[in-house]
Amino acid sequence: MDRIVSGKRHEEDLSFDVNLRPRHLKEYIGQTLLKENLGIAIAAAKKRDEALDHVLLYGPPGLGKTTLANILSVEMGVNLKTTSGPAIERPADIVSILTQMKNKEMLFIDEIHRLPRVVEEVLYPALEDRFVSWVIDKGLKARTMNLKLKQFTLIGATTRYGMLSAPLRDRFGSIHRLQYYNQEDMELIIERSAKLLKIKADIEGIKQIATRSRGTPRVANRLLKRVRDYADVLGDGRISTKIASSALDKLQVDRVGLDVGDHMVLRAIIEKFNGGPVGVETIAAAINEESDTIVEVYEPFLLQSGLLDRTRRGRVATRRAYDHYGYEFPIEQNQPKMF
């Protein structure tokens, strides 16, 4: 692939995420079954002239949950209001948002698993029967008022599906899990991003970035920007295999996509705790990292890659992790030895 490099890169960088997000389902690469199911749901809702049923999207960070929320609003031809679980602290906050929703509009709540329980309870009748209950006055004068809502669609996104309460999960009519992307899809995503950013890139250079992108579009686009910088400064502006490999090595992203944080987690388990099992809090203390970051950011890809196991007793480094670092896999619980 050969693209002319634009002279307006600073402007493009400022709107990088917006420009690279697809706006329609047909432009969205990967997640084939999910797209098919959403396409059918959208067509059915339009045919019946109804609001789209409530949608829950879950999976690791960076796979496209926010992008899909925006696509759903475009496909349905309605406005999308966006907020997040931590931003809604009181029942009054969610009531204010819901009562201002226009007919068939969509509300996107990112990190929905972090909604306070009292806010969740307000959502139950809103999602099921389209009304909210509001208490007026206090003490003996207190009375409940039911406020009728217009048709609306709630789109929830979460990286921690298990932390959602069962009553809230059950009120979503459509639940979808986003999977990591395969190599072919990652190459298509990077090629599309390079085209939009007017970056010159060889197919082998694109493959190098795709291989090390952890099956995650957000990571792929970030690495593409950084490799582009190296190509401009150290090369002729073209992302070749040599430039891509050199840049990614300097960025400490290895051949399977592990970065500094991943190495810290795996090496701590192998070198400090004899390969495990070890609790996540202990790992966090050993590498001076938050346990939530380990669980939400590092673990999903390490588990998916077969480098880490999660057992009842704690985390365990697999034989593949030992092989990756050149350690001898211990038959007994002893310190690993270098070949």
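Before you click on anything, here's a word we'll need: two residues are in contact, or touch, when they have heavy atoms within 4.5 Å. One caution is that you're looking at a predicted model, where local features need pLDDT of at least 70 and side-chain atom pairs count only at pLDDT 80 or more, while totals for chains, interfaces and linings use all residues. Residues are numbered from 1 along each chain as its sequence is written, and side-chain values use heavy atoms, with hydrogens and water left out.

**Stop 1: the whole protein**

Show everything as a cartoon. You'll find 15 helices and eleven strands. Helices (H or I, at least four residues) and strands (E, at least two) are DSSP runs, numbered from the N terminus. Of the 339 residues in the protein, 47% are buried. Buried means under 20% relative accessible area, exposed means over 50%, and partly exposed is in between (1.4 Å probe, protein chains only). Among contacts between residues at least 6 apart in sequence, 70% join residues at least 24 apart.

**Stop 2: helix 11**

Select residues 241–250, which make up helix 11, and find S245 there. Which residues does S245 touch, not counting those up to four places away in sequence? They are Q208 and R212. With a relative accessible area of 18%, S245 is buried. Step just past the end of helix 11 and you reach Q252, with a positive phi of about 60°.

**Stop 3**

Next, pick out the five strands that form an open sheet in the order 2-3-6-1-7, with parallel pairing. Two strands pair if DSSP finds at least two bridges between them. Strand 2 (80–84) and strand 7 (174–177) stand at the edges with a single partner strand each, so one side of each has no neighbour in the sheet. From one strand to the next, the twist averages 15°.

Zoom in on strand 2 and strand 3 (residues 105–110), which run parallel and are joined by five bridges. Click L80, then look in strand 3 for its bridge partner, M106.

Helix 4 lies across strand 1 (55–58), strand 2, strand 3 and strand 6 (152–158), and it runs at about 180° to strand 3. Axes are lines fitted to C-alpha atoms, for helices over the stretch in contact, and angles run from 0 to 180 degrees between N-to-C directions.

**Stop 4: the largest pocket**

Switch to a surface view. How much space lies in the largest pocket? About 670 Å³. Of the 28 residues lining the largest pocket, R21, G62, G64, T67 and R218 are the closest to its centre. On a 1 Å grid over the protein atoms alone, a pocket is an open set of points where a 1.4 Å probe fits, with protein on both sides within 12 Å along at least five of seven lines; lining residues have an atom within 4 Å of a point. Grid points are joined across faces, edges and corners, and a volume is the space filled by probe spheres set on the points.

Helix 2 (16–20), helix 4 (65–76), helix 8 (183–196) and helix 10 (217–234) each supply at least two residues of that lining. Helix 10 gives the most, with five.

**Stop 5: a hairpin**

Select strand 10 (residues 308–311) and strand 11 (residues 314–317), which run antiparallel and are joined by four bridges. They form a hairpin with two residues between them. Click D309 and you'll see it stands opposite V316 in strand 11.

**Stop 6: two loops**

Most residues other than glycine have a negative phi. R130, in the loop between helix 6 (117–129) and strand 4 (131–136), has a positive phi near 60°. At 34% relative accessibility, R130 is partly exposed. Finish at N274, in the loop between helix 12 (260–272) and helix 13 (280–287). Its phi is positive too, at about 55°, and N274 is partly exposed at 23% relative accessibility.
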